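Reader: Before I use this model for anything, could you take me through how far to trust it and how some of its parts pack together?

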Amino acid sequence: MSTNNQDNKKSADFLKHGSILAMASLIVRFIGMAYRIPMSNILGEEGNGIYAVAFDIYDILLIVSSYSLPLALSKIISAQNIKREYKNIGKTFRLALLFAVVSGGVFGILLFVFAGWIEKNIYPDYAGVHIPLRVLAPTIFIVALLGVFRGFFQGKKTMVPTAVSQVLEQVVNAIVSVSAAYLFIQWNIDSLDKSAWGAAGGTLGTCLGAFSALLLVVFVYYIYRPVQRKLERRDRGRRLYSTSHIYRILFLTILPIILSQTVYQISGLVDYYLFGDIMGGRGMDPVTIKSMVGVYSSKYRVLTSVPIAISTSIASSMIPSAVAAFTEKDTVQLKNNILSGIKFNMIIAFPCAMGYTVLGQSIVRLLFPSSNYVLGGHLMLAGSAAVVFYAISNVTGSALQSIDRMHTPVIHSAVSLGLHVILVVCLLKFTGLGIYVLIIGNVTFPIVVSILNLLALRRYIPSLRLKPLKTFFVPLSASLWMSIAVVLVYTLSDKLFSSFLGGYMTNAVSVILALFTAVIVYFVVFLKLRGMTKEEMFDFPMGRRLYLMAVRLKLMK
């Protein structure tokens with residue numbers, strides 16, 4: 001087999017792994033949206049605001065304690081797997097599991113104990129937030145263990161356990177969150193903290209969902225364990241790493257990821273704090289503050305998180321293959337992985353961003369009819385571009401991590417956060433933009449990170465050359481044509497059905513028809529502009545069927 005064919009096969013393997021996680025993330029996010037609709041309506045804007053703040057606090061502690069474990073462990077095990085160091089893989093896994101027990105347990109206990117202090121001293125404008133925080137406390141321990149098993153399988157380039165466990169986790173999360181949110185509110189209907197109890201019900205689903213996923217991956221590992229033990233017995237290598245050496249590698253790998261993710265995640269908490277503090281000082285009452293944050297978090301951030309989650313999955317799945325190429329000094333394959341990751345992300349990010357721009361308010365109205373869908377729609381219109389830049393920052397950050405430039409994305413995120421805070425403070429204090437300031441900050445943050453990451457990649461991999469035409473301009477052009485078609489179809493449908501359907505049903509039918517049109521038009525125009533080769537299409541989910549359909553329609557040869 002020629003070198004080019006080998007490189008193509010490796011790129012195909014990477015994209016197939018990415019496709020598995022991307023499809024899982026897409027399913028997970030759709031389930032997430034589906035359950036957030038009734039849960040959002042149950043909680044109300046005030047409850048959604050409390051839920052958002054509690055979840056962001058939980059996310060910070062999760063990142064510090066264990067969120068980086070899957071990514072770090074997959075990187076370490078992938079490098080060991082390339083060298084066939086199976087004994088070291090087993091020892092690394094066991095030590096990572098011990099680390100997860102300690103770190104997850106300690107931070108879970110700390111969150112439970114100090115939940116009241118956090119509310120009183122840091123977020124006094126979000127009364128009752130200590131209740132959902134205490135429900136989330138044991139989740140930190142569960143997710144820590146879950147991350148080790150997921151990182152082990154991803155390092156082995158097996159994405160299926162992670163993907164299936166993610167779907168199971170979200171299904172359980174959806175069922176429990178909606179049910180518990182409703183029941184907790186009913187049980188505390190006369191309490192001043194009923195909104196907080198509703199938010200606690202929503203977080204209970206997160207806990208039980210993670211626990212169900214943990215049971216699944218433990219079961220899969222139990223089945224796979226004889227294979228791992230057999231590989232360890234066959235490993236005749238004399239280089240068995242010491243416990244201190246493995247922990248040093250683990251910490252050196254985890255720390256930059258923790259710092260990078262913390263800087264990114266803390267931007268949301270900083271925004272909530274600044275918005276509450278500054279707008280409260282300007283006379284906005286606490287209920288309005290929580291309601292505004294509730295609209296921002298439960299509509300804008302939930303909807304934009306769908307394509308962003310897909311880009312995160314592609315970036316995560318890229319790391320083992322990129323690490324393998326970097327370890328083997330295969331520069332050609334490393335570049336192919338990075339370029340494929342960026343292109344795959346842009347194919348998804350551009351149409352999503354354009355779709356949110358032209359259909360944002362209609363989608364919010366369809367999904368959240370009983371709440372402030374007008375403001376939610378305006379936020380979608382103003383901030384949809386963030387989808388593209390988060391996709392770029394995610395994949396370029398993972399590329400830098402895979403070539404052992406772990407600190408670089410951290411520095412870039414810290415620089416962006418500093419600029420972000422200055423911008424948000426100035427706009428909140430000296431303008432009347434209100435909640436739109438958070439949108440501006442959410443868009444500018446990934447723009448700065450993306451630019452700095454791309455410049456760094458060019459510096460560390462001089463031969464890396466992006467292909468702007470097919471990577472950026474083709475999906476953008478196809479998205480623009482798609483947007484024109486969407487506006488026309490939605491407008492005509494709205495006028496046609498408004499005479500005999502109610503307002504909500506007219507909007508629902510128009511949105512569905514417009515989205516169906518969007519998929520067709522984007523698919524046709526993108527292929528007409530030759531944005532994808534036959535080999536690249538095969539790497540997509542159901543790629544062969546899509547290719548045969550494109551050939552029949554004379555869109556490809």
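Reader: What is the pLDDT over residues 1-15?
Author: This is a predicted model, and its chain averages a pLDDT of 82, with 89% of the residues scoring at least 70. Where pLDDT is low, the predicted coordinates should not be read in detail. That caution applies to residues 1-15, which have 24 contacts in the model beyond near neighbours in sequence, although the pLDDT there is below 50.

Reader: Is helix α2 roughly parallel or roughly antiparallel to helix α4?
Author: The axes of α2 (residues 69-82) and α4 (residues 130-155) come within 7 Å and cross at roughly 30 degrees. Because angles under 35 degrees count as roughly parallel, α2 is, relative to α4, roughly parallel.

Reader: How many charged residues are in the contact of α2 with α4?
Author: The crossing is right-handed, and the residues that make the contact include Leu73 and Ile77 of α2 together with Val148 and Phe152 of α4. The residues of this contact divide into 7 nonpolar and 7 polar, while the number of charged residues is none.

Reader: Is Phe99 buried or exposed?
Author: Phe99 lies in helix α3 (residues 86-121), and its contacts, leaving aside neighbours within four places in sequence, include Leu69, Tyr247, Phe251 and Ile254. The C-alpha atoms of Phe99 and Leu69 are separated by 9.5 Å, with the two residues 30 apart along the chain. Since buried means under 20% relative accessible area, the 15% of Phe99 makes this residue buried.

Note on methods. Residues numbered from 1 in each chain as written. Predicted model: local features only at pLDDT ≥ 70, side-chain atom pairs only at ≥ 80, totals over all residues. Heavy atoms only, no water. pLDDT = per-residue confidence, 0-100. Contact = heavy atoms within 4.5 Å. Axes fitted to C-alpha atoms, helices over the stretch in contact; angles between N-to-C directions. Helix = DSSP H or I, 4+ residues; strand = E, 2+ residues; numbered from the N terminus. Parallel < 35°, antiparallel > 145°, perpendicular 65-115°, else oblique. Left-handed = near helix turned anticlockwise from the far one by under 90°. Nonpolar A, V, L, I, M, F, W, Y, C, P; charged D, E, K, R; others polar. Buried < 20%, exposed > 50% of the residue type's maximum accessible area, 1.4 Å probe, protein only.
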